[in-house]
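Please have the sequence and the model open as I speak.

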Amino acid sequence: MLTAASPRKDGFQVHLSVAGFIHSMLTVGTEWLIEASGCDAEALRDTARLRAVFARAMRELGLRAVGRQLWHKFPGEGGVTGLVMLTESHLACHTYPEFRTATFNLYCCRERPAWAWDERLREMIGAREVSVRSFPRATQAAPPPTFESSSHTTAREGEA
């Protein structure tokens, strides 16, 4: 078993099992941050097209809405903001037609496969580039990692 040790001033050495630490972490979901650039500016102003992106993602990933979706179209040449609460967490988007950019955020508290964001956003809103980052979200499970201590330290080379 791999352990990490650190000497303390009182002469004790503390060992933390790396496997024990990892085992003590509990995955509570995955969050995806998506940035699409080079998009069709008109698509980024079109609430119906963005609703279609949400509908497709939800259908293909098996996500379920809680209540009504919220959408806001900013005046004039402004973009759109959308949010849907999911039984699995949430899906949101913000569009910036003046920069031909859209951002999406999907958080799922249950395992889900990665969605084909690149392919879908190229097809549905004309994105030229799509960046997808995913972040597993974890919390420390109870009980915390166990520590072992011993009443001796090992002298390093050159020390008395």
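The side chains of R56 and E60 form a salt bridge with 2.9 Å from N to O, where a salt bridge is a side-chain nitrogen of Lys or Arg within 4 Å of a carboxyl oxygen of Asp or Glu. The two residues sit 4 apart in helix α2, so about one helical turn separates R56 from E60; helices here are DSSP runs of H or I with at least four residues, strands are DSSP runs of E with at least two, and both are numbered from the N terminus. Before I go further, this is a predicted model, in which local features need pLDDT of at least 70 and side-chain atom pairs count only at pLDDT 80 or more, while totals for chains, interfaces and linings use all residues. Residues are numbered from 1 along each chain as its sequence is written, and side-chain values use heavy atoms, with hydrogens and water left out.

R56 counts as buried because its relative accessibility is 17%, while E60, at 33%, is partly exposed; buried means under 20% relative accessible area, exposed means over 50%, and partly exposed lies in between, with a 1.4 Å probe and protein chains only. R56 also makes a salt bridge with E123, the closest N and O atoms being 2.8 Å apart, and this pair links distant parts of the chain, since R56 belongs to helix α2 and E123 to helix α3 (residues 117-125), 67 residues apart. Through shared partners, salt bridges join R56, E60, E119, R120 and E123 into one network.

Over the whole structure, the search finds 12 salt bridges. Another of them pairs the side chains of R45 and E77 at 3.1 Å, N to O. R45 lies in the loop between β3 (25-37) and α2 (47-61), and E77 in the loop between β4 (70-73) and β5 (80-86), so this pair ties together parts that are 32 residues apart in sequence. R45 is buried, with a relative accessible area of 16%, whereas E77, at 55%, counts as exposed.

Let me return to helix α2 itself. It has 15 residues and reaches 21 Å from its first C-alpha to its last, close to the expected 21 Å, the expected span being 1.5 Å times one less than the number of residues. At the start of α2, a side-chain oxygen of D46 comes to within 3.0 Å of the backbone nitrogen of A48, and after the helix comes G62, whose phi is positive, near 70°. Which residues of α2 are buried? They are L50, V53, F54, R56, A57, M58 and L61, and what covers them includes β4, β5, β6, β7 and α3.

Setting aside residues up to four places away in sequence, L106 touches T30, E31, W32, L61, L63, L86, H90, L91 and W117, contact meaning heavy atoms within 4.5 Å.

T30, from that list, is in strand β3 and counts as buried at 18% relative accessibility. Beyond its neighbours within four places in sequence, the contacts of T30 include L106, Y107, C108, S134 and F135.

N105 is in strand β7 (residues 101-108) and is buried at 14% relative accessibility. The side chains of N105 and E31 are joined by a polar contact of 2.7 Å, that is, a pair of N or O atoms within 3.5 Å, where within protein one must be able to donate a hydrogen and the other to accept it, and residues adjacent in sequence count only if both atoms are side-chain atoms.

Finally, the cysteines. How many disulfides are there? The count comes to 0, a disulfide being a pair of cysteine sulfur atoms within 2.5 Å. C108 is in no disulfide, and the nearest cysteine sulfur, that of C109, is 7.3 Å away. C108 counts as buried at 0% relative accessibility, and C39 is likewise buried at 0%.
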